[in-house]
Amino acid sequence: AQAKGMREWISHQLASIQAQHHTIIAYGAAAKGMVLLHFLLEISNRSWNISFVIDDAPLKQNTFCPGTSIPVRPTSEFNKHTSAEPLTIIVFAWNFRDEILAKIRSNTIEKGIKNVFVILPFPYQQLLKIDRNNNTIIAENSNKPLSWPFIFPNIRKPVLLISHFFNEEFLLPYWIRHHASMFDMAILIDYNSTDQSLEIIRREAPTSWKVVSSRNKYFNGQLIDDEVIEYEKMHSNAWKIVLNTPEFLIHSNLRQMLADIESNDSVKTFRFRSLIMSGNDSVPLKQFTSLVKQRSQYTYRPTYADEKFGITSYSRFIHCNPFAKYDTGRHTIRDTVWKWAPIGFIAKYQYTPWPEIIKRKLQIRTRIPLTEFLAGGGIQHDVTLEKLKTIKNNINLLPQHDLRDVTAVSEEIAMAHRLWKEIIDQ
């Protein structure tokens, strides 16, 4: 089962890479590499091809891999590769990993080939981007062999999700299914919803998720935060995060990360980076497929340098303090030492999927009192249909990026790409 899982992961990466017009080759024509090659070639419906295999042994060069028409070439074959064309290399001689990676770098990056990637099959399956000075993990097979269990495990703190909602019948099914396995419990604060939101929660949410009625009639930033803090105080020993319905936390193993932090770090507050999702809205939306998988396109404003590193106003905090001293909106915390979360990010679906998101945006405006707008609060919800269309058009004019791609503008955003490939693109 592990071997087939490894093969499926490699084949999936190769299919994605081939679709992005990479040349795919391999390095090392030794016996174990040929066994892996034939194991991969057994996949009947594969959409990728290996152009040739590089080997340093003169006796193997200018022959063919046994039982195939795939030629074996010398390292000088790298010199024929166009510098602008992306190149992906499967390392078949993984026991010489470091030596081969050094040879690949000297024969590609240092000779002007710009985009070079490597797939390592063993001991863990990884997709690396090779740069002049370092190697960056772009994707990694999260299904690793399990370690021997410890018979006296530490008792970890529970993980609590808090949210407030009004008439979220469109996003809630996607949001609940995405987060259901991450949290031990959830408190969902209802602002007198009149649509199918409550029925969706009863149908989709785990039994440990509880709906409570808000004590507030309208959305008021400070009153919302005060109510959230009251529920945090009721669960003072838990890890707590507050997410709005358009905010999707992408994480490979949230509970394990927090348990490791409890054992090794004195800091009790961590911040997740965030991406502003933008589409692609030309693709029809499917009801029972992950929203994060269907809408993987994001953008950032070139004039806001921090957004290239996942630092936006939509970042969120997770903490295990008795409660947090939030500034209005909960995007910042006062009088608290915090660190960036080592892994994980928030995908913010504010203006996508479009046009489905329009109804949601317009109805929130009706739940915010005029006094809140006059005081400068909730201005992102003070919109009309024409203003929404203008905002959406402006978003579409920004540079667009996709979590499906193997390259990213920064190491921080590359982490988001890697997580998407590990968790969502399965």
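Here is a short chat about the fold of this predicted model.

As the model is predicted, local features need pLDDT of at least 70 and side-chain atom pairs pLDDT 80 or more, while totals for chains, interfaces and linings use all residues. Residues are numbered from 1 along each chain as its sequence is written, and side-chain values use heavy atoms, without hydrogens and water.

Me: Which strands stand at the edges of the open sheet of eight strands?
Reply: Strands pair here if DSSP finds at least two bridges between them. The order is β3-β4-β2-β1-β5-β6-β7-β8, with mixed pairing. Each edge strand has a single partner, so one side is left without a neighbour in the sheet; these are β3 (63-64) and β8 (135-140).

Me: What percentage of the residues in the protein is buried?
Reply: Buried means under 20% relative accessible area, with a 1.4 Å probe and protein chains only. Of the 426 residues, the buried share is 51%.

Me: What are the spans of the C-alpha trace along its principal axes?
Reply: Good one to check against the view above. Taken along the principal axes of the protein, the spans are about 80 × 55 × 40 Å.

How values were computed. Helix = DSSP H or I, 4+ residues; strand = E, 2+ residues; numbered from the N terminus. Buried < 20%, exposed > 50% of the residue type's maximum accessible area, 1.4 Å probe, protein only.
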